[in-house]
Amino acid sequence: MTRRKLMTGPRYLNFVLDEESYGIEIKKVKELMGMTTITPIPQTPAFIRGFINLRGQIIPIIDLRLKFSLEFREYTKRTSIIVVEVMFGGELLLMGLVVDAIRDVASVPDERIISVPYINAKIRSEYIIGVANLEAGTMILLDVVKILNQDEFVQIKGVGDSAPDKGVAQ
Amino acid sequence: MLAKFEPGDLMLLSDIMDSLKGMRDLYSGSPVGQDFIERTLAWIAGQFKGAQGGDFHEKLSLAIELLQKCEGQSTDAARARIEGEMQGFALGNFEAAHPGPTDETKPIPVKTQANAFLREESVALFISEAKERLSQAQELVLILEASPNDAGSLAALFRAFHTIKGECGFMHFSHLGELTHSLENVLDLLRGGKLALTRSVVDLLLGGIDRSHLILENIAEGDWDTTVGPELSAYLVELGRCSSRAQPSLGDVLIQSGKLDEGRVEEILSEQRSGSFSQRFGEIAVKEALISSGDLRQALVQQSMAAAIPDSEMAEPGAAESQQDEIIKVRIDKVNFLVDMIGELTIALGQVSESSVAMAQVRKITRSLQVGAMELRTDTMHGLFSTAKRIVRDLSHSLEKQVGIHSEGEDLEVDRHLIKKLEEPLMHLVRNALDHGIDASGSIRIAAVRRGSTIEITVEDDGRGLDREAILAKALERSLVVPQAAASLSDNQVFDFIFQPGFSTKASATQVSGRGVGLDIVKSMVKASRGTISIRTAPGKGTAFIMTFPISTAIIDGLVVKVGDNTLIIPTSSVVELLKVKDSQLSRVNGDIELITLREKVMPVLRLDRVLGIGGGRDAKYLVGIVVENSEHIPHFLVIDEVVAKREVVVKPLGPRFRKMRGITAGTVLPGGTIGLVIDVEQLINLALQTGGARPAQGAKEAAWK
């Protein structure tokens, strides 16, 4: 019988993005799902892929690759959606995050978290809580709330500027 | 119930547990009693799992007997004795029979024993109920101020505080308990006719309601043991003095006899408050040489005489007691779930093509279910209007104006979400009417009325009305209009200027409405809730602000259309007709603005794909178009790819992150689970005007926009 080492501390969902290992707090995760039909939404930045129908509820889907300005990668069988619940303006919102693959759940005791100012160049440091040093390797812990609350979700082209649309094809 | 019990009858056992749980709530005044019931319950639960011992029946009846005994005791001493017995009994019987964590630990207060989650849940419930009671209480206080002899309202008010107090006892919120208890004392005196309902008493009661709200807010934020600040203790002292005196305040007496005016009394009171009530009111008044000591003596005599009010002045208890409807509490997310699921049911039914009599019946039932479910989310305007009345009451005192307020349509049932959104603009308008509309005295009317699929909220004052010339002068000064055009502006166009940011004709800013910031905010708030606001005014007669909002728009009738791969819903309310035209029927102005002439009417052409910047816009011989009208009844020709169907759709919000979207206001889940975006024609037309969507834009050539 193997004795499982009891790890205390908040648990994180471990996922892969561009061959790197990331974690988000499991408390914020509502459910995990595979890729599904996404209805595109006009007037939104590219990282918002569209809406999905989650049992009658309409929730937005954010591609984390695009959000972090990584190259877009076609969705595969391993591509997953992490449905998270975050507070925005006093309301609880559900949003889906597209990641390359989901791995597992790991407990991360606070003492295992190192805060490093610049961990990797791919992701803005303000989105990062720290790096967790675990037996299985390192995991970059992300602050979901910051990632999802910072940018405006709606961009309307042409409103407010009278300049003609660039690249008008006629 | 117990008599019927046989070993193994688990159903009955759980019934017994339920009754015990019910009893536990009744024992709010006795923590020991509650604790005892908790232990009994834990013990029964233990018995549930294992086989019941032979003495189970006996023990349980003994326990219940003890509880009954305790109930029957009227004095605290006797109750304490029984409570002692309970503790002994519990230790002797339950703990031994039920080995568990309770064994090692000594009597645990209910507070810590309760499951943290359950506690959080019940705290949330407690807060929402208490808030509701407080707003009800406020309404009642205001009723009482107008008709002090309304014994029914007084009784209801007493009940409201009493219930909150009881719940506080159960929840261990001692500060709110203390506060409501003190308020209850004051009310008791009022009820017994030992205290007159003067303005200061009303102030005191309203102050108590405000403070209770504050404490609740703290509790909601997790500060369960709200510390008593000096402010609260001073207030409690004041309350205590009020009830111990059981007579009108000295200030009131002095005002009545004309020795002091209200302003002076306020000054003295505030001085008294700043000294934490170390000095008596009379002492300060005499010291400040506001009244002579002779006046003081005379007033004190008057005060004590006024304390006794003949009973005959108290009206008979009215029928108000029986007015309370039976109400149950349901969490809003449960209701939302129900509404959503019924919506889903409608959608699922839409996919069934069968058209038998039975199916028709099912559809009919579903329809009424849907309507019924929607009504679950509604509330009356009572709370909102009572807040408005409170504002008028407090503000008119501080502005030294004589302003009355009356309301109409409190019973109108309105979607809760809308009520929430109404609050700010309504209060703003009421404040505005008081400050700017009415000079020295007058009255304000607030009304809610339903007109078709909209609800209309009116705030009207009988003041001097809007001054066209003053507004126009200000507009010219701020270059909002060129002088040549000024004279030709209609009244409505002129009055619309007051919705401009920072627009005010008042020379000096007042404390209440500030310097003209306000109406523009009201307008933007109204717009954000998809409403409109208009003004009706006549010089010398008054001004009315009329806000119109769409009533709960959860289900709309819409045309499901396709543009490229996108499914969009166009509400039929803005659709005039559906047409197929030839490309040659279009004409171009300035090279890029498309127009179409239909039956001698020229209308702009909006290509939906271009306006929204989405893919679509296929080449075909014919253009499929929908003639839509904006609110000014100007027709526009909306080009789409094809019409799929006309159907009722359940509108779902896209959430706060997408509120800034233009032309699209909501989404819906279509049969098959795909999502359709609901178009707002008015916004769409405006968007087209702003972005030049009538021009061919880049979107046309993109297969998809991402």
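This is a predicted model: local features need pLDDT of at least 70, side-chain atom pairs count only at pLDDT 80 or more; totals for chains, interfaces and linings use all residues.
Local features need pLDDT of at least 70 and side-chain atom pairs count only at pLDDT 80 or more, whereas totals for chains, interfaces and linings use all residues. Residues are numbered from 1 along each chain as its sequence is written, with chains lettered from A and ligands numbered from 1 in the order in which they are written.

**View 1. An open sheet of six strands in chain B.** The strand order is 10-14-15-13-12-11, with mixed pairing (strands are DSSP runs of E, at least two residues, numbered from the N terminus; two strands pair if DSSP finds at least two bridges between them). Strand 10 (575–582) and strand 11 (586–589) of chain B are at the edges with a single partner strand each, so one side of each has no neighbour in the sheet. Strand 14 (residues 622–629) and strand 15 (residues 635–640) of chain B run antiparallel and are joined by six bridges. Glu629(B) has Pro635(B), in strand 15 of chain B, as its bridge partner.

**View 2. Packing of helix 19 and helix 23 of chain B.** Helix 19 (residues 416–437) and helix 23 (residues 519–528) of chain B pack at about 150°, with axes 9 Å apart (helices are DSSP runs of H or I, at least four residues; axes are lines fitted to C-alpha atoms over the stretch in contact, and angles run from 0 to 180 degrees between N-to-C directions). The two helices are therefore roughly antiparallel (over 145 degrees).

Conventions
Angles under 35 degrees count as roughly parallel, over 145 as roughly antiparallel, 65 to 115 as roughly perpendicular and the rest as oblique.
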